[in-house]
Amino acid sequence: MLEWIGDITRFIFLEDEPQPSDIIFIPGNAHAEPSEFAARLYRNGFAPYLLPSGRYAIGSTGFAGQKSGAREYVGRFDTEWAFMRHVLLQNGVPDAAILREDEATYTYQNAIYSRRSTDAARLTIRRALICCMPVHARRAKMYYQTLYPGAELLLCPAPGTPVTSENWMHEPEGIDAVLGELERCGGQFHDILKEIML
């Protein structure tokens, strides 16, 4: 394998062993897998709260529906948050453990509004798990670390997804997804990095 492919793989695909945490973050998405995995982590006692975040994709007029997952979740969902909440409930998470953030339309807003939600709930976040699609791990960590600079963030990407660190370079969809993430990790952080570092 070309060395630079390995470099990109290690940069984009982050994965940590879950540890007991204050909360599980689920950045906005329309995939069932991250919420299903977050529910499993909750049931195994890794955190007392979960915070799915998301309205719907910027430029959209509504939630477009479930994109992936072995199980189909039927219902009318106005937002990504409503869909993720439904998945969590269907996978054994009590409603009282699910916090709400249903305004964000892109990943940076997921982090910004999640911070607003945890502050409003008077939660101190020292360690958090982030459940996302594997290809989204790096960018999710960059945004959430910007809003929770003192917290230890552990990436717990959902297993069983189509694009993985092992196969992305062998499929056109995987190449587009990973290189698209690489571009966004650079393109979206010009102003953010100047704001926080200069």
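Reply: Buried here means under 20% relative accessible area, exposed over 50% and partly exposed in between, with a 1.4 Å probe and protein chains only. By that cut-off, 50% of the 198 residues in the protein chain are buried. This is a predicted model, where local features need pLDDT of at least 70, side-chain atom pairs need 80 or more, and totals for chains, interfaces and linings use all residues. Numbering starts from 1 along each chain, and side-chain values use heavy atoms, without hydrogens or water.

The protein chain has seven helices and four strands (DSSP runs of H or I with at least four residues, or E with at least two, numbered from the N terminus). Their order along the sequence is α-β-α-β-α-α-β-α-β-α-α.

Let's settle on H4, residues 107–120. Its 14 residues reach 20 Å from first C-alpha to last, close to the 20 Å expected at 1.5 Å a residue. Buried residues of H4 include Tyr-108, Gln-109, Tyr-113, Ser-117 and Thr-118. The buried residues of H4 pack against strands E1 (23–26) and E2 (50–52), and against helices H5 and H7 (190–197), with contact meaning heavy atoms within 4.5 Å.

Take H5 (residues 137–147) as the partner: H4 packs with H5 at about 35°, their axes 9 Å apart. On the H4 side, the residues that meet H5 include Thr-107, Ala-111, Ile-112 and Arg-115; on the H5 side, Arg-139, Tyr-143, Tyr-144 and Leu-147 are among them. By class, this contact has seven nonpolar, four polar and two charged residues.

After H4 comes Arg-122, with a positive phi near 60°.

Methods. Axes are lines fitted to C-alpha atoms, for helices over the stretch in contact, and angles run from 0 to 180 degrees between N-to-C directions. Ala, Val, Leu, Ile, Met, Phe, Trp, Tyr, Cys and Pro count as nonpolar, Asp, Glu, Lys and Arg as charged, and the others, Gly among them, as polar. The expected span of a helix is 1.5 Å times one less than its number of residues.
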